[in-house]
Amino acid sequence: MCGIIGCFSREGCYEKLMEGLARLEYRGYDSAGVALLSEGGIAVRKRRGGVNALAGPPLAGQTGIGHTRWATHGRPSDANAHPHAAGKFALVHNGIVENHAALRRELEGQGAVFASETDSEVVVQLIARLYRGDFFAAVSAACARLQGSFALAVLCADRPGEIVCARRKSPLVAAAGGGALFVCSDVPALAGLAEYVCPAADGEFVRIAGGRVFFCDGEGKEIAKVFSRLPEGSRAETGGGTFMEREIAAVPRALADTLAGLRGLDFAPCARALRAAKRVFAVACGTAYHAALAFKDAAEREADVTVLCHTSSAFRDRAPRIGQGDLVVAVSQSGETADTLEAARLAKSGGAYLLSVTNAPHSSLAALADFGIAMRAGAEVAVAATKSYNCQLLCLYALAAQLAFFRHARFPAWYRSLGALVPAAREAFSAFPAVQALAARLAGAKGMYFIGRGQDAVTAAEGALKVREIAYRFAESCPAGELKHGTLALVEEGFPVLALATERALAQKCENALAEVKARGGYAVLFSQYEEVLSASCADAAIRLPAVPEPLMPAVAVIPLQELACSLCLLSGYDPDRPRNLAKSVTVE
Ligand code: M6R
C-alpha cells in the first residue's frame, strides 16, 4: 500500500526515480508524484492517476523522492497525491498516522495551512515547525510525536544531496548500485537499478548524505549494517501480455526454482520446534490464508498434529494465549502484510517459535522469523497472487512432510513426488483453450459459486477470490456438502456452479451436489483429473486436470481457476494487474 522511493545520483536522479516508481506501482496506483531538489529549490510534480500521468520534461536534481499512492485518508486527487510540501521540506509517506487529527488541530492552531486531506501532510508540517537548522533532528523529533505506522522519506531545501528516512512498521530498504543510492519500500522495485540492499529494522532511520547511505538511531548514532547482493529472481516476468498472464505462465518455472531451494534447505535448525510443538498455528491473509488452510489439511493428515489456522487479523483480534512450545507458521508472499507481521510479532512476544514462508528474503517477516522457508516464485507484480500461491503450497507440503518426519519418523508417500508438480503445472496449460471457452460462456454471469469437498474446498475458495478480485463478479465458495444447507437457494436457471473433485473417495458426493445444481437449472462445471469422474458426470462442461498424487492436487487444480479469472477479467475489459480499490502489498491495517 503506497510505494516510496528516494534516490541520489550525481548524474541526476529523475530517470532512476521514475523507473523505480513505475516498478512500485503495484503497491498503489491512484496517484503518483516526485520531488527533486536542485539549486533552484524543491520542484514537485504530482497527479492523480498512474505514474504515466507524471509525463513531462525531466526535472533537474541529484536528489529526489517519489510516491505511488493507495488512498487511505483523502480520495485520490492531485492535492492528496504525495509528495507533500511545507516550508523547506517535501515528504513521501507509506503507512497511517493514527493521531493525525489531533496533530492537525494543533498545527492549525499554530497557523499551519493544509493543502490536502491526508494524514501524511501532518508529518511534513510538523517537521517544518520543529526545524531549527538541523534537518535530521527535525525529522527525528517529528517521528517521536507520531502514532501509527510509517516509512517516510524527506527532502530539505537547505540540504542538497540529503534524504532522511524513518521506519516504524512500514517496510523500508536502503540500496546502492549503478552509481546511485536508494531508499525504497521494497526490493523488487530496485531490480535493475541497484546491486546491494539492506533492510531497515523497525524504529531505524536511513540517511543519504555525503555521497553514502547509512543507518542510525533517533539520536543520529550510526548503526553498522551489512549490505547483501540484491537477490536473484527479483525481476518481474518479461514477455507479452499482462503481468498476471506472464505470472501464470511462469508457474512451472517458479515451482521448479522453489523445489530446488527446498532440496537445499536444512530443516535441522527447526527440528526441535517441529518435533515438540504443543500447538501449531498458521496465520496469513487472502490467498496466503488459503495456502495456510491447505497446510492445515496436509499437516493434520500426515503429521497427526492439530493446526489452528487463523486469518492474521482474526489472530490479532483474539490474541490467543501463545507461549513457549507453540509453533506459529506465518505465510506471506510479500512478507510485509501488516496484519501478518503483527500476528508474527504477537507470536514472538509470547515466546512462540516463528516459522515464515515468504517470497521476499529481505522482508520484515523473514527478518522476524526464527526459521524461514523461501519460495522462489520470483517477483510477482500482478495484484492477484498466482504463481506465489502454487509455490506457497509446495513449501507448505514440504513443511507438512517435515512435521510428519520429525514427529513420526516417516515422510508421507507423496513426498518423493513433489517434483511431479512441475510437469503437471505445464500440462495444466493444455486445458486453457477449454477454460477460455468457459470464461466466454460465463462472461454474462453476474455471479458464480465454487464448490469442493476435502482439500478441494480450499481450491474452491481460492478460485472464488480470484474471480471477485479481478473480474468483479460476485463469486463465493461453499463446501460441496453444505450446498443444500442454504446456498442452493441461490441456484436458478443458468446460475454457474463450478465443482472441483480431485479426491477419488469424495468425487461421487461432489457429483451428487452437481446433480442437485443441474436439477435446479444451474450451469454445472466439473474439474477433475479422473477420466471416469468426468465422463460419468452430468456437468455441462468438464475440465480435465493433470494427475499428481492426490494430496498435491490443489497446487495443480488451481491453475485453470487462475486462468479462468484472468480470462473473465480480460473479456470484461478490465486490467488484471491493477484491480480497482486494491494494492499488492497490504502494509496498513
Ligand atoms: O503478501 P501476502 O501474501 O501477505 O498478501 C496477502 C494477501 O493480501 C494477498 O494474498 C491477496 O489476497 C491477493 N491479492 C489475492 O490474490
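Predicted model: local features only at pLDDT ≥ 70, side-chain atom pairs only at ≥ 80, totals over all residues.
1. A nitrogen atom of the ligand lies 2.6 Å from an N or O atom in the side chain of E469, and the protein covers 90% of the 420 Å² of accessible area that the ligand has on its own.

2. The shell around the ligand has 14 residues, of which S332, Q333, S334, T337 and E469 come nearest. Helix α8 gives the largest share, three residues, and the elements that give two or more residues are α8 (286-302) and α15 (456-471).

3. Turning to the sheet, five strands form an open sheet with parallel pairing, in the order β17-β16-β18-β19-β20. Its edge strands, each of which pairs on one side only, are β17 (307-311) and β20 (371-374), and neighbouring strands are turned by 20 degrees against each other on average, direction ignored.

4. Within this sheet, strand β16 (residues 279-284) runs parallel to β17 and is joined to it by five bridges, with F281 standing opposite L308 in β17. Helix α10 (residues 338-350) packs on the sheet, where it touches β16, β18 (326-332) and β19 (353-358), and the direction of α10 makes about 165 degrees with that of β18.

How values were computed:
Residues numbered from 1 in each chain as written. Heavy atoms only, no water. Near = heavy atom within 4 Å. Polar contact = N/O pair within 3.5 Å; in protein donor to acceptor, adjacent residues only side chain to side chain. Areas by Shrake-Rupley, 256 points an atom, 1.4 Å probe, with all protein chains shown as cover. Helix = DSSP H or I, 4+ residues; strand = E, 2+ residues; numbered from the N terminus. Pairing = 2+ DSSP bridges. Axes fitted to C-alpha atoms, helices over the stretch in contact; angles between N-to-C directions. Contact = heavy atoms within 4.5 Å.
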